[in-house]
Amino acid sequence: MKRLIICVLTLLFISCKENSTPLDIPAPKEDAYTSDTLSLSEKVYYDKVLGALVGSAIGDAMGASTEMWSRKDIQLKYGYITTLTPAVRQQSPEGTWDHNLIAGATTDDTRWKYAMVKYLSKNKGDFNATNFTHFITEYYASLTKTISDNGSVPDTDFLDTQIEKIDWIKEWARVSMAYQKDTETYLKAMNRFYGGEMSCAGQLYTPMFGLISNSPEDSYTLAYDHTLFDLGYAKDISSLVSAMTHMALRTKNIDSIINTATFVDPLGYQDSRLVGRISYNIADASVKKILSIKQLVLADTLTPQDSILFKIPEGFNGTQKEWTRQELAYQFLEENEKAIPFHSGEIWQILITALEYGEGDFEKTLQFIVNYGRDNDTVAAVAGMILGAKDGYSNLPIALRTQALKVNKENMGIDLEALALEMVEKKHIDLRNP
């Protein structure tokens, strides 16, 4: 039944695309990954890859200025955020690498997309956990080498810059080096990764696998093999965002994309004893909650008490009923907050809630996420990648996509157009030399 659904969606998508020479995206060579080939024209594939990268960068940048804030604090300073805002914040390893950057500046969420393009290019289809750990440790070694091999006392500003980069990757390098040593060492390192909490790790990079795979199952399995830094059901979640990104290449139907969390389960998480599949339970609860909120019959006017509780923030371009529904959705999310804002389960719940609430609309979905707060840049980056893959770069909001491209290239040193082209060109190399 799952294969039938996927085939039908594929046929529907292919029948609607322009008539041009297809670009077959080959699956990795391992038997576990083989499946039906996704066929897109070169033009469409490039547009969707660029859309995914830029869409993710837009989400990252929209949340960069208010990352980890509460929604009430966001409303006090910004009202309702509808566009890119300056990243007025202190530099940090996981945030921006400089103080107070202009609107459009991005954080580690976009740096990971850059790193993944380089990983995919370097390994040319030979994607596995061992190669991934070597890629990370080699980057870490290159940074430390610039300090240790200098031969003279390093400039203090240069040292600050390098330490910032090292601080970002060192937790990941610790686990990667342990993985290369032996199982016991790896397990110990993994279980202290960022304090041993079930932090959002894989979701920073696994959506990229959805762009190079042949089916949602392929995307899931390939991503799962790279979830070396996730604990428990966070592995399932990281793999699902990869599968959803791939599904976005096939269909514009947001329900089909969300339903990936129901029908794609290669490792049988649904059979987990006593608890079932936690990621599915979270997603199902979010979808049902939003559906119930949208069906509420609300009064045209509010009571004096409700007028304070459901006061429309400045900048919100909607009706009182629409804001009341969004406020109720926010209250639902607050009831399910975890101990830390970057908990993988919380990221996942906000993501599914926003995708269902936004009904596939890029701006509505990202605004919902960013104005909620918490780890909003990470959630918005994942959502932006999925919706960007769905809509393509050509259908992203012009002002947002233009600014994201410009600032990332000129201020962050990340050329998103070049990265998208690199991914497409590597596919042509693989096709000519299988």
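**Close-up views of a predicted model**

**Figure 1. A buried asparagine, N408, sits in helix α18.** N408 is found in helix α18, which covers residues 398-410. This is a predicted model, so please read each view with that in mind. With a relative accessibility of 0%, N408 counts as buried, because buried means under 20%. Which residues surround N408 once its neighbours within four places in sequence are left aside? N408 is in contact with A57, G104, T106, T110, G413, I414 and L416.

**Figure 2. Helix α2 packs against helix α16.** Here we look at α2, residues 42-64, and α16, residues 362-372. Their axes are 10 Å apart and form an angle of about 35°, and the crossing is right-handed. From α2, the residues to look for are G55, I58, G59, M62 and G63; on the α16 side, they meet F362, L366, Q367 and V370. Sorted by type, the residues of this contact are five nonpolar, four polar and no charged. A handy reminder when following such a contact along a helix: an α-helix has 3.6 residues a turn, so residues three or four places apart point the same way.

**Figure 3. Helix α2 is largely enclosed.** How many of the 23 residues of α2 are buried? The count is 20, so α2 is largely enclosed by the rest of the structure.

**Figure 4. W112 is part of the largest nonpolar core.** This core has 115 residues, and the members touching the most others are W112, W172, F229 and W348. Helix α2 supplies the largest share of the core, with 11 residues. For a closer look at W112, leave aside its neighbours within four places in sequence. The contacts of W112 are then F132, I136, W168, I169, W172, L204 and Y205.

Figure 5. K124 has a phi near 45° and sits in the loop between α4 (108-123) and α5 (129-148). E359 has a phi near 55° and belongs to the loop between α15 (344-358) and α16.

**Figure 6. L76 is an exposed leucine in helix α3.** L76 is found in α3, which runs over residues 71-78. Its relative accessible area is 72%, so L76 is exposed. Where along the chain is E314 relative to L76? The two are 238 residues apart along the chain, and their C-alpha atoms are separated by 9.5 Å.

**Figure 7. The whole protein, for orientation, has 19 helices and two strands.** Of its 434 residues, 55% are buried. Among contacts with a separation of 6 or more, 68% join residues 24 or more positions apart.

How values were computed. Residues numbered from 1 in each chain as written. Predicted model: local features only at pLDDT ≥ 70, side-chain atom pairs only at ≥ 80, totals over all residues. Heavy atoms only, no water. Axes fitted to C-alpha atoms, helices over the stretch in contact; angles between N-to-C directions. Helix = DSSP H or I, 4+ residues; strand = E, 2+ residues; numbered from the N terminus. Left-handed = near helix turned anticlockwise from the far one by under 90°. Contact = heavy atoms within 4.5 Å. Nonpolar A, V, L, I, M, F, W, Y, C, P; charged D, E, K, R; others polar. Buried < 20%, exposed > 50% of the residue type's maximum accessible area, 1.4 Å probe, protein only. Core = buried A, V, L, I, M, F, W, Y, C linked by side-chain atoms within 4.5 Å.
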